[in-house]
Amino acid sequence: MTELLENQDVDLEKPVLKILYQDEYLVAVDKPSGLFVHRSYMDRDEIYFALQLVRDQVGQYVYPLHRLDRPTSGVLLFGLNQEVARLMGEAFTNKTIQKTYYALTRGHLMGEGLVDYALKEKLDKIGDKYVDPNKEAQEAQTHYQSVGTATLNEKVGKYDSVRYSLIKLLPVTGRRHQIRRHLAHLRHPIIGDINYGDNKQNPFFNEYFGFKRLMLHARQLDFTHPITNEAVKIQADFDEQWLDVFKQLNLTCD
């Protein structure tokens, strides 16, 4: 009986993902920050994964069509059969799917531009152990546009104030950690980025706003439906933590 109750408790805690779009060919969900898309060697202590949660919610096998890093929130798209997965895979490869992200970065990044900066592939010691470590850097491009800036009159390190920018990002290519690495290359790393971010600004943000996460959100996917040929736009709202930051920094977003 005790074992049964424990299983019931685990079941009650099972996340339910918000479905943003669904037809007989595709399903898209709003992935929260902190959720893995699927099992990997890094997830030994994890119980739930987006792929399994979506599969259980729609009652059939689903095919992941693209990646979102564990700490990134937002639109995550799956195919419902192999043929659709193949067609969508071609669309991603041919760059006919537009992904739109938003990031909160360190400092005031003004205006707009294109980051055209090749990236060496980031290899995992276990997952990529058979990949050539001497592989040439791959081309990588990301459009960026400053949406707004904010300043807090708080001293951090040698600076008397803290500056932030809300940046809209349209990646052209899809390299691993591309947006995170490109913003770090501009010296405006994403807040909460433990790999490429600022080790003074991140702790300040955690304490000031009361939570710890990567401030990167996959806001929208635009593409032509592989079967109906209709234009599809899928959008994920900003969650409560994002909205609280907008409020405290007096920032607005579409």
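Reader: How many residues apart are Glu90 and Arg86 in helix 3?
Author: They are 4 residues apart in helix 3, so about one helical turn separates them. Before we go on, this is a predicted model, where local features need pLDDT of at least 70 and side-chain atom pairs count only at pLDDT 80 or more, while totals for chains, interfaces and linings use all residues. Residues are numbered from 1 along each chain as its sequence is written, and side-chain values use heavy atoms, with hydrogens and water left out.

Reader: Thanks! And what do the side chains of Glu90 and Arg86 meet in?
Author: A salt bridge, at 2.7 Å from N to O. The term asks for a side-chain nitrogen of Lys or Arg within 4 Å of a carboxyl oxygen of Asp or Glu. Helices here are DSSP runs of H or I with at least four residues, strands are E runs of at least two, and both are numbered from the N terminus.

Reader: How accessible is Glu90?
Author: Glu90 is partly exposed, with a relative accessible area of 38%. Arg86 is partly exposed too, at 41%. Buried would be under 20% and exposed over 50%, with partly exposed in between (1.4 Å probe, protein chains only).

Reader: Where does Lys95 sit, and where is its partner Glu139?
Author: Their side chains form a salt bridge at 3.9 Å, N to O. This pair links distant parts of the chain, 44 residues apart: Lys95 is in the loop between helix 3 and strand 5, and Glu139 is in the loop between strand 6 (112-116) and strand 7 (141-152).

Reader: Which residues are linked with Arg55 in a network of salt bridges?
Author: Lys14 and Asp56. The Asp56 to Arg55 contact is 3.1 Å, N to O. The structure holds 12 salt bridges.

Reader: Switching topic: which residues lie nearest the centre of the second largest pocket?
Author: Arg67, Lys99, Thr173, Gly174 and Arg175, out of 30 lining residues. A pocket is an open set of points on a 1 Å grid over the protein atoms alone, where a 1.4 Å probe fits, with protein on both sides within 12 Å along at least five of seven lines; lining residues have an atom within 4 Å of a point.

Reader: Which element gives the largest share of that lining?
Author: Helix 4, with 4 residues. Helix 3 (82-93), strand 5 (98-106) and helix 4 (178-185) each supply at least two.
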